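This report goes through selected residues and pairings of one protein model. The structure is shown first, and the text then starts from a single side chain.

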Amino acid sequence: QVHLVESGGGSVQPGDSATLSCAVSGRDFHGTAMAWFRQAPGKEREFVAALTWSGHRANYDESVEGRFTIERDNSNVYLRMNNLQIEDTALYYCANREGSRSILARDYDDWGQGTQVTVSS
C-alpha cells in the first residue's frame, strides 16, 4: 500500500522560501510519477509540478515555473519553493500514479493528507 506523508508547511511572508517534503513508501516507485497539487479555499485542486521517478524529468504549472523545483531522493519527494507569493497560499498535496506524468488530479491514484502553506504579510 502506497503511503505518502507531507510535511514542511507553515506561515511565511511574500518573497520567502520554503521546502515541502513528501515521505514515500509502500511500493517500488520506478515506473511511476510523483506530483504536487494544491488547493486554495473555495477553489479546485490544481497542478503544481510533476516528476518521473526513474528519469527525473519534471514539468511545472506556468504559475510556479522558475520559482518552484520538484526533486526526489530514495525516500522523499521535495517541492522547493522560492519567492513565495500570497497566491501560493493553499493546502499542498503529494500524489503518485503508475506511468507517466499528468497534470490532471484524477489521473493520480494515491494521495497524502496535505500540508498547509500560508503566505501573508
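## A buried arginine

R38 counts as buried because its relative accessibility is 5%; buried means under 20% relative accessible area, exposed over 50%, and partly exposed in between, with a 1.4 Å probe and protein chains only. The model is predicted: local features need pLDDT of at least 70 and side-chain atom pairs count only at pLDDT 80 or more, while totals for chains, interfaces and linings use all residues. Residues are numbered from 1 along each chain as its sequence is written, and side-chain values use heavy atoms, with hydrogens and water left out.

R38 is placed in strand 4, residues 32-39. Strands (E, at least two residues) and helices (H or I, at least four) are DSSP runs, numbered from the N terminus. Two polar contacts of the R38 side chain are listed here: one reaches the side chain of E46 at 2.6 Å, and one of 2.9 Å joins it to the side chain of D88. A polar contact is a pair of N or O atoms within 3.5 Å; within protein, one must be able to donate a hydrogen and the other to accept it, and residues adjacent in sequence count only if both atoms are side-chain atoms. Not counting residues up to four places away in sequence, R38 also touches a set of residues that includes E44, R45, V48, F68, E87 and Y92, where contact means heavy atoms within 4.5 Å.

## Two loop residues

N83 sits in the loop between strand 8 (76-81) and strand 9 (90-98). Its phi is near 50 degrees, a positive value in a residue other than glycine. Most residues other than glycine have a negative phi. N83 counts as partly exposed because its relative accessibility is 40%.

S102 belongs to the loop between strand 9 and strand 10 (110-111). At 10% relative accessibility, S102 counts as buried. The S102 side chain reaches the backbone nitrogen of L104 at 3.1 Å. Leaving aside neighbours within four places in sequence, S102 is in contact with F37, F47, A50, R97, D107 and Y108.

## Strand pairing and the disulfide

Strand 1 (residues 3-7) and strand 3 (residues 18-25) run antiparallel and are joined by five bridges; two strands pair if DSSP finds at least two bridges between them. In this pairing, E6 stands opposite C22 in strand 3. Strand 3 also pairs with strand 8, in the antiparallel sense, over six bridges. There, S21 stands opposite Y78 in strand 8.

The count of disulfides, taken as pairs of cysteine sulfur atoms within 2.5 Å, comes to one. The disulfide joins C22 to C94, with an S to S distance of 2.2 Å. The link is left-handed, with -80 degrees about the S-S bond. Because C22 lies in strand 3 and C94 in strand 9, the pair ties together parts that are 72 residues apart in sequence. Both C22 and C94 are buried.

## Aromatic pairs

How many aromatic pairs are there? The count comes to six. Rings of Phe, Tyr and Trp (its six-membered ring) pair if their centres lie within 6.5 Å; planes under 30 degrees apart count as stacked, over 60 as edge-to-face and the rest as tilted. One of these pairs is F29 with W53, which is tilted, at 5.2 Å centre to centre and 35 degrees between the planes. F29 lies in the loop between strand 3 and strand 4, and W53 in the loop between strand 5 (46-52) and strand 6 (58-60), so the pair ties together parts that are 24 residues apart in sequence. F29 and W53 are both buried.

The pair of F37 and W111 is tilted, with 5.2 Å between the centres and 55 degrees between the planes. Since F37 lies in strand 4 and W111 in strand 10, this pair ties together parts that are 74 residues apart in sequence. F37 counts as buried at 1% relative accessibility, whereas W111, at 27%, counts as partly exposed. F37 and W111 belong to one aromatic cluster together with F47, Y93 and Y108.

## Charges over rings

A charge sits over a ring if NZ of Lys or CZ of Arg is within 6 Å of the ring centre and within 35 degrees of the ring normal. R45 lies over the face of Y93, at 3.7 Å from the ring centre. R80 lies over the face of Y78, at 4.8 Å from the ring centre.
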